[in-house]
Amino acid sequence: MLRFTLFGFPVLIHWMFWLNAALMGGALSASSPEQLRGLIGWMVAVFLSILIHELGHAFTMRNCGDRRVGIVLYAFGGLAQGSNHLTRKEDLLVSAAGPGLQILFGLAVGWSITLWRVPSPWLLAMLDSFTIISLFWALLNLVPVVPLDGGRLCQAWLGAGKQRLALTISLVCSVALALLSFQNQLWKGLQNSVLDFLDIRVDPNMRVGGGVFTLILFGMLAWNSWKQLRHEPQIPWMNAR
């Protein structure tokens, strides 16, 4: 475990976070010095993007009066843990703040590297990775699947009396995304369309989403939604934002 404090928030990074980031970055096939440098750049980009996302949640929780907020980065991402009960409005704000801040940083970096030449190839690759991760992991996080931010937004929007509906939506969406996980052309086509619309130019071979990690993640999220619909205990690490 790596522990430190940032802006007054205690931050804990589980070793599985680094392992998962490395595997997603192609650690098993990286053998040359150039590939290893690219892998390190990818892991730095993942770390910075996910940390920015969780800081968005944490600062909003603090603004809502919570003075005991911590951040944990673990296998499939991160979570900001607060100690106060959130009102419906506060829950909407907190849930939206993480992906919102992450997207803003992704846009800022993406437009910067499109407009200005980056002198270092390694730095350019890292910033490309940061842009793609920040934009598309944040957008994927906004899909209405519990406990992703989109799922929490759906729950808060529907209200306490319609939690079964929110879980049903979550189950349907997570199953659909798991089934589409190997439609690589679909994922790349959607991402290219977004990048073209935003006029951001990054490495055309660098895309996220789809593949075995998407299958595992949304398969587990589907199972977790099913367990909640049946009033069974959730998967332990899936009960916090």
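Buried denotes under 20% relative accessible area, exposed over 50%, and partly exposed the range in between, with a 1.4 Å probe and protein chains only. Helices (H or I, at least four residues) and strands (E, at least two) are DSSP runs numbered from the N terminus. Residues are numbered from 1 along each chain as its sequence is written, and side-chain values use heavy atoms, with hydrogens and water left out. As the model is predicted, local features need pLDDT of at least 70 and side-chain atom pairs count only at pLDDT 80 or more, whereas totals for chains, interfaces and linings use all residues.

Strand E3 covers residues 70-74 and is mostly covered, five of its five residues being buried. Its pairings, which require at least two DSSP bridges between two strands, are as follows.

| Strand paired with E3 | Sense | Bridges | Bridge partners |
|---|---|---|---|
| E2 (residues 9-13) | parallel | three | Leu12 and Val72 |
| E4 (residues 77-81) | antiparallel | five | Tyr74 and Gly77 |

A hairpin of two residues connects E3 to E4.

Turning to the helices, the axes of H3 (residues 88-115) and H4 (residues 121-141) come within 8 Å and cross at roughly 145°. These axes are lines fitted to C-alpha atoms, for helices over the stretch in contact, and the angles run from 0 to 180 degrees between N-to-C directions. The residues making the contact (heavy atoms within 4.5 Å) include Pro99, Phe105 and Ile113 of H3 and Leu124, Phe130 and Trp137 of H4. By class, the contact of H3 with H4 has 14 nonpolar, five polar and one charged residues. Here Ala, Val, Leu, Ile, Met, Phe, Trp, Tyr, Cys and Pro count as nonpolar, Asp, Glu, Lys and Arg as charged, and the others, Gly among them, as polar.

The peptide bond from Val146 to Pro147 is cis, with omega near 5°; Pro147 lies in the loop between H4 and helix H5 (149-158). Phe7, in the loop between strand E1 (2-6) and E2, has a positive phi of about 55° although it is not a glycine. Phe7 is exposed, with a relative accessible area of 51%. His231, in the segment after helix H8 (211-229), likewise is a residue other than glycine with a positive phi, near 60°. His231 counts as exposed at 69% relative accessibility.
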